[in-house]
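Good morning, I have one structure to go through today.

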Amino acid sequence: IARTARETVRDMDEIVWAVNPKNDTVEDLANYLCAFAREHFELTSTRLHLELPAQLSEFPLPADARHNLFLATKEALNNIVKHAGAADAWLKIELADGTLAITIRDNGKGLSTQPGARRGQGQENIRRRLDQIGATLECRSEPGQGTCLVASLPLHPLSLS
């Protein structure tokens, strides 16, 4: 019951955060992602490492972009907890040359390259969410060496409409 109540409160918090236009900045997204990641890894054995610039811009970020970036990051972090068997996970947020980059990486099992290996929908869900907002996804993985996902979103053409 307690776990279900915590999950319900977290889900409600996500909805409120997602629809609040006061959160439509890169800085607010970064703060929310870090808070979510800390809570998500709190009861796991995986050590979380956060890498953020000392100063994040209050660069505007449309609600749909902010929400899809959050959901894509959430999916990637959830995949680490459920499937990677990683000792460490990293969440890195960068803003350079008008591009927001969110890197999620782990030192776990990596993705299987075996033909016929069972693959979930996680990476496809992430890619679909990023495509909706004009972002790209780069995925690097080696069996036994972990996985690294980089979501990149050019911010210059975005507008808050």
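A residue is called buried if its relative accessible area is under 20%, exposed if over 50%, and partly exposed in between, with a 1.4 Å probe and only protein chains counted. One more term: helices (H or I, at least four residues) and strands (E, at least two) are DSSP runs, numbered from the N terminus. With those two, take strand E3: 6 of its 8 residues are buried, so by this definition E3 is mostly covered.

Before going on, where this comes from. This is a predicted model, in which local features need pLDDT of at least 70 and side-chain atom pairs count only at pLDDT 80 or more, while totals for chains, interfaces and linings use all residues. Residues are numbered from 1 along each chain as its sequence is written, and side-chain values use heavy atoms, with hydrogens and water left out.

Now the overall layout. The protein chain has 4 helices and 5 strands. Along the sequence they come in the pattern α-α-β-α-β-β-α-β-β. Of the 161 residues in the chain, 37% are buried. The accessible surface is about 9400 Å², and carbon and sulfur atoms account for 50% of that; these areas come from the Shrake-Rupley method with a 1.4 Å probe, and for residues only the protein chains shown count as cover.

Next, the sheet. In general, strands of a sheet pair through backbone hydrogen bonds, either parallel or antiparallel. Here two strands are said to pair if DSSP finds at least two bridges between them. In what order do the strands of the sheet come? The order is E1-E2-E3-E5-E4, in an open sheet of 5 strands with mixed pairing. Strand E1 (47–51) and E4 are the edge strands, each pairing on one side only. From one strand to the next, the twist averages 10°. For angles like this one, axes are lines fitted to C-alpha atoms, for helices over the stretch in contact, and the angles run from 0 to 180 degrees between N-to-C directions.

Let us walk across the sheet from E1. E1 and E2 run parallel and are joined by 5 bridges; His49 has Trp90 in E2 as its bridge partner. E2 and E3 run antiparallel, with 8 bridges, and here Ala89 is partnered by Asp106 in E3. E3 and E5 are antiparallel too, with 7 bridges. Opposite Ala101 stands Ser152 of E5, and opposite Thr99 stands Pro154 of E5. Strand E5 (residues 146–154) is mostly covered, with 7 of its 9 residues buried. Finally, strand E4 (residues 136–142) is joined to E5 by 7 bridges, again antiparallel, and Leu137 has Ala151 in E5 as its partner.

Two turns deserve a look. E2 and E3 form a hairpin with 2 residues between them. Asp97 lies in that loop, between strand E2 (88–96) and strand E3 (99–106). What is the phi of Asp97? The phi is positive, about 50°, although Asp97 is not a glycine. Most residues other than glycine have a negative phi. Asp97 counts as exposed because its relative accessibility is 77%. The hairpin of E4 and E5 has 3 residues between the strands, and there Gly144 takes a positive phi near 80°.

Contact here means heavy atoms within 4.5 Å. Helix H3 (residues 63–84) packs on the sheet and touches E2, E3 and E5, with its direction at about 10° to that of E3. Helix H4 (residues 122–132) lies across E4 and E5 and runs at about 155° to E4.

How do H3 and H4 meet? Their axes come within 9 Å and cross at roughly 165°. That makes H3 roughly antiparallel to H4, because angles under 35 degrees count as roughly parallel, over 145 as roughly antiparallel, 65 to 115 as roughly perpendicular and the rest as oblique. The contact involves, among others, Leu69, Ala72 and Ala76 of H3 and Ile126, Arg129 and Leu130 of H4.

Arg128 counts as partly exposed because its relative accessibility is 43%. The C-alpha atoms of Arg128 and Ala72 are separated by 9.0 Å, with the two residues 56 apart along the chain.
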